[in-house]
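Here are a few notes to read with the model open beside you. Take them in any order once you have been through the opening point.

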Amino acid sequence: MSSKSRIRLFNTIGVRIALWYSVSVLLMLLVLGSFLYYRLTHTLNKETDRILFDESEFIVQSIKNNSYTTNDLLKLIEIKSSSKRYLRTSIRLYDIEQSSFIGSENFFFPDLEISADKMGKMVQGEQTLEKIWVEGLRSPYRLITRPVVIGNSCKYILQVGIYMRLSYKSVENMEENFLMSAPILIILSIIGGWLISRKNLSPITKMTETARQITGSDMKRRIFSSHTGDEVDELAHTINIMLDRIEESFTKIAQFTADVSHELRTPVASLKTGIEVMLSKDRTAAEYRKLLYHSLVSLERITRTISDLMELSRSDSGSNILHLKSFNLGNTLKEIQRKFSPVSDTKNIVLSNKEFPEVEINGDKIMLRRVFANLLDNAIKYTSPGGRVYISLEDRNDDVIVSITDTGVGITEESLRKIFDRCFRVDTSRSGETGGSGLGLSISKNIVEFHKGRIEVRSDIGVGSTFDVILPKNLINS
Ligand code: ADP
């Protein structure tokens with residue numbers, strides 16, 4: 001395995017999940033092991049102490065209830081110390097008056113002194129429990145020391161000890177078993193984690209494979225969706241929606257490029273043909289003038305398309321291009337209306353308005369002028385002589401509505417759905433005549449949306465159209 005693929009392997013989510021899985025199993029084992037260790041040692045110690053107490057209590061009561069001679073006491077000690085086969089006790093009795101010990105032969109630590117401190121406790125009737133390590137032994141002794149009070153005075157001090165090998169062995173066995181099973185459990189947890197993660201991540205692997213195959217020329221492929229409704233399925237669904245949108249944009253861009261090329265090719269071709277025809281032989285001054293006039297018309301069309309394209313790309317770059325300022329919308333509409341009056345007069349179209357209310361809005365005046373000018377230009381362009389174009393401004397609480405209504409050709413329902421698409425023109429031959437590039441409404445929609453507003457259209461074929469621009473009054477530049 002090369003070092004690169006090794007790095008990749010350790011970078012995979014599958015391996016990371018498997019490792020995390022085993023780390024958590026290891027932690028669980030540690031917690032469980034510590035708990036079991038604590039419980040076992042605690043129980044064994046408690047049990048040892050209980051035995052010590054029972055054994056010593058029997059001896060204490062025997063001494064109290066019988067007037068034993070030293071020999072009797074020795075016998076009693078020997079019998080008690082050898083009575084348990086596996087849990088032999090070491091017993092010794094200290095006679096306070098005689099300052100001498102009587103003890104079982106097997107007393108584990110014959111030289112063990114009774115300290116002054118312990119003696120003090122015994123006199124007060126207390127008992128002590130302790131662990132004592134004897135050199136050369138693997139486990140300690142547990143020793144109980146308690147007073148034997150006869151009458152009112154403490155006559156003897158009884159010590160009973162148990163070698164704790166059995167308890168320690170049990171704990172050691174548990175530790176051994178635990179240490180032996182831990183690596184097996186860890187390996188099993190790594191394998192389990194790896195298998196679980198592989199199963200859960202397999203849809204992601206499929207997604208990656210499909211995504212690699214999606215290119216600009218093959219946008220039809222979609223990510224596999226398991227329809228399980230889980231997070232991965234949700235991700236696949238979201239990516240597919242995103243791919244739908246990207247494909248749509250790709251198609252639109254391709255269409256747009258083709259439309260723009262066509263839009264520019266037509267006037268350029270007419271310019272070229274005209275000039276070629278003129279150059280083919282000597283022409284009169286009038287013929288040259290005519291060519292120049294036609295060339296100028298073609299150039300104007302090219303210039304308009306280029307300026308529309310520049311405007312579109314500017315408006316595409318986002319709302320951060322807006323220069324917001326408060327201005328009187330009624331006055332602006334009046335200005336635009338005045339600018340278009342000569343055109344409407346020439347076309348014999350009545351251009352009128354309802355009295356505009358005094359409304360101040362916060363917006364980019366130059367851009368919004370472009371929107372209203374475009375709508376008015378269209379209204380006049382697509383209305384036959386003798387028709388009417390009407391502008392109104394309505395002031396509502398938080399927003400304003402500018403409506404431009406015409407009695408023009410109208411737009412079919414199907415075209416209404418595409419009217420804001422780039423380069424869309426209802427009747428291409430007619431628009432060619434009217435000189436439109438099909439970009440005006442697209443630009444207008446962008447500008448209005450940057451102002452957090454919207455454009456709505458209503459239209460009836462042969463009756464006319466109304467374009468409503470709804471704008472918020474107080475757009476805050478954010
Ligand atoms: P253009 O520059 O071609 O006018 P627009 O984007 O402004 O481009 O308009 C797109 C198309 O919508 C126009 O070509 C025209 O067919 C249609 N249209 C726009 N406004 C009107 C209107 N007031 N009446 C009828 N058709 C309209």
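1. Start at K452, which is exposed, with a relative accessible area of 59%; exposed here means over 50%. Keep in mind that this is a predicted model. K452 lies in the loop between α12 and β11. Its phi is positive, about 60 degrees, although K452 is not a glycine.

2. Is α12 enclosed or open? Helix α12 (residues 440-450) has 9 of its 11 residues buried, so it is largely enclosed by the rest of the structure. The buried residues are G440, L441, S442, I443, S444, N446, I447, V448 and F450.

3. Now the sheet. It is open and has 5 strands with mixed pairing, in the order β7-β9-β10-β12-β11. The edge strands are β7 (350-353) and β11 (454-460); each has a single partner strand, so one side of each is left without a neighbour in the sheet. From one strand to the next, the twist averages 15 degrees.

4. β7 pairs with strand β9 (residues 388-395) in the parallel sense, over 4 bridges.

5. What does α8 do with α9? The axes of α8 (residues 329-346) and α9 (residues 365-381) come within 10 Å and cross at roughly 35 degrees, and the crossing is right-handed. On the α8 side the contact is made by L329, T332, L333, E335, I336, Q337, F340, V343 and S344. On the α9 side, K365, R369, F372, A373, L376, D377 and I380 take part. Sorted by class, the contact has 9 nonpolar, 3 polar and 4 charged residues.

6. S99 is in the loop between β1 (89-95) and β2 (100-103). Its phi is near 50 degrees, a positive value in a residue other than glycine.

7. Last, the overall layout. The chain is divided into domain 1 (13-170), domain 2 (231-315) and domain 3 (321-472). How far apart are the C-alpha centres of domain 1 and domain 3? They lie 103 Å apart.

Key
Residues numbered from 1 in each chain as written. Predicted model: local features only at pLDDT ≥ 70, side-chain atom pairs only at ≥ 80, totals over all residues. Heavy atoms only, no water. Axes fitted to C-alpha atoms, helices over the stretch in contact; angles between N-to-C directions. Helix = DSSP H or I, 4+ residues; strand = E, 2+ residues; numbered from the N terminus. Left-handed = near helix turned anticlockwise from the far one by under 90°. Contact = heavy atoms within 4.5 Å. Nonpolar A, V, L, I, M, F, W, Y, C, P; charged D, E, K, R; others polar. Domains from an automatic or database assignment. Pairing = 2+ DSSP bridges. Buried < 20%, exposed > 50% of the residue type's maximum accessible area, 1.4 Å probe, protein only.
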